[in-house]
Amino acid sequence: MTLPSSLIQFSGHHYIRHRLVLSILSGKPIRIDKIRPDDKNPGLRDYEISLLRILEKATNGTVIEISVTGTALLLKPGIISGGTLTHECPLSRSVGYFLDPLIMLAPFAKKPFQLTLRGITTDDHDLSVDLIRTVTLPHLQLFGISDGLELRIKKRGSPPAGGGEVHFLCPIVKQVTTLNFIEPGKIKRIRGIAHAVRVSPQFSNRMIEASRSVLNRYIPDIYLYSDVYKGEDSGKSPGYALSLLAESTTSAIYCAEATSQPGVAPEDVALLATRSLLAEISKGGCVDERHQTLVLLMMVLGSEDVGRCRMGEPTLRTIQFLRDVHSLFGTTFKIVPAESSGSSNQLMYSCYGTGYVNVNRSLA
Amino acid sequence: LESSSSQRPRRRDWTKLIYSSDLTPAQILSSNKEEDSRESEEISTEIDEFFHVKKSDSTNDDETLDQTKDPLNPRALQQWEDEEMLDSIRNLFITGASGDADE
């Protein structure tokens with residue numbers, strides 16, 4: 001097969017998710033080589049294969065070629081078709097791993113996504129479905145993606161056996177709006193979701209109480225909800241977790257969560273989540289670290305105007321993401337210290353939107 | 001480029017570091033933080049040369065997952081047991097004083 005000259009090369013298994021997303025959105029083919037070449041078990045992992053498979057299902061005309069050893073892959077993106085899809089996620093990663101890239105693609109599909117994902121709903125590596133529902137999706141609303149945007153948690157599934165199920169509904173848009181988010185505001189309320197499946201339901205209340213013992217000092221508007229799932233809906237393995245979010249007067253949202261570990265009391269899990277939330281709050285900015293890439297991507301795709309957002313320092317993922325955005329979209333962000341930020345390390349990110357138009361959108 | 005790994009002023013040119021340097025993301029961040037726990041671990045392995053962990057080019061070889069959440073660090077979070085630390089962020093809440101917004 002002859003390789004197109006516009007092919008963009010990447011190396012290594014890192015950052016595969018956002019590279020695939022950027023390729024599909026930009027329509028530019030990419031080749032990723034040296035995927036764990038020296039590993040005892042070289043090549044793509046089962047969850048990466050599974051991700052490729054769902055991307056193939058969610059698009060039309062996408063060509064994916066994987067080398068015999070699995071250490072290289074070629075993606076020639078098709079159009080994002082969307083529509084009704086069901087996917088069984090492998091138990092090696094949570095559904096959050098798969099939702100993260102799909103959320104970036106869904107607004108630009110031909111037909112609105114109605115996606116059913118089955119597997120693990122909360123784990124230590126990716127955002128739990130609770131935080132995706134309460135924190136990630138509101139971030140899309142900043143860009144005018146809101147009507148009919150929903151994540152329903154039908155069944156919970158804790159590791160290792162999973163058994164959870166979520167429905168993700170996302171509207172399609174023609175264009176995303178330009179972001180101008182520079183005022184972090186002050187925290188006005190804290191919300192939380194505690195869940196405990198296949199263990200004593202008291203665990204939820206114990207987590208809530210422990211978390212409140214720290215948070216009550218700050219503001220009165222705290223509501224920590226104990227989310228009960230019974231029988232079949234509680235999945236196949238025992239587990240519990242506390243997901244927290246703090247919302248500011250300007251709708252900046254900070255989030256944190258902690259999940260059950262063997263031999264750790266629910267109170268300690270809750271304190272971990274709570275302290276991690278306080279650490280996020282103390283970093284400030286308008287967008288928390290885990291949502292930097294989503295927000296920056298939507299800024300790149302924004303209308304042809306200068307978008308601005310105040311955030312903390314870029315994370316490892318964000319730095320590589322900015323570089324990869326530059327290779328695929330040619331967009332460079334201007335990153336300067338935020339004025340009036342005092343002693344904090346907040347930065348102002350600004351870029352000129354590419355004016356991305358969803359050409360896939362079927363006209364109703 | 002040797003200055004980039006040593007002490008640098010607080011004001012960093014992020015645009016330049018990201019777009020026109022060959023540093024890996026990890027190198028950019030590690031030349032930055034002082035109390036970052038990851039770095040302190042690296043320092044401790046340097047001291048413990050007897051137990052040399054094979055870590056050639058730490059950014060490429062070890063299996064770090066492509067994950068959205070960084071693992072929680074209970075030790076670093078312990079600072080939030082301290083009352084003074086808890087009080088230090090009061091100004092970030094609507095109920096906190098707005099005028100004296102220093103530490």
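This is a predicted model: local features need pLDDT of at least 70, side-chain atom pairs count only at pLDDT 80 or more; totals for chains, interfaces and linings use all residues.
A residue is taken as buried if 20 or more other C-beta atoms lie within 10 Å of its own, as exposed if 12 or fewer do, and as partly exposed in between, with C-beta atoms placed from the backbone. Residues are numbered from 1 along each chain as its sequence is written, while chains are lettered from A and ligands numbered from 1 in the order in which they are written.

Gln346(A) counts as buried because it has 20 C-beta neighbours inside 10 Å. Gln346(A) sits in the loop between strand 17 (334-337) and strand 18 (347-352) of chain A; helices (H or I, at least four residues) and strands (E, at least two) are DSSP runs, numbered from the N terminus. From C-alpha to C-alpha, Val336(A) is 8.8 Å from Gln346(A), with the two 10 residues apart in sequence.

Further back in chain A, strand 4 (residues 63-66) and strand 5 (residues 73-76) run antiparallel and are joined by 4 bridges; strands pair if DSSP finds at least two bridges between them. Glu65(A) faces Leu74(A) across this pairing. The two strands make a hairpin with 6 residues between them, and Gly70(A) in the turn has a positive phi of about 80°.

Helix 6 (residues 266-283) of chain A runs for 18 residues and spans 26 Å from first C-alpha to last, close to the 26 Å expected, the expected span being 1.5 Å times one less than the number of residues. Most of helix 6 is covered, with 13 of its 18 residues buried. Gly284(A) comes next, with a positive phi near 70°.

The largest nonpolar core holds 118 residues, and Met207(A), Leu242(A), Ala273(A), Met298(A) and Cys309(A) touch the most other members. Such a core is a set of buried Ala, Val, Leu, Ile, Met, Phe, Trp, Tyr and Cys residues joined through C-beta atoms within 7 Å. Leaving out residues up to four places away in sequence, Met298(A) touches Phe143(A), Val176(A) and Leu179(A); contact here requires C-beta atoms, placed from the backbone, within 7 Å.

As for the two chains, 40 residues of chain A and 27 of chain B take part in the contact. On the chain B side, helix 1 (14-19), helix 2 (25-30) and helix 4 (74-77) each give two or more residues.
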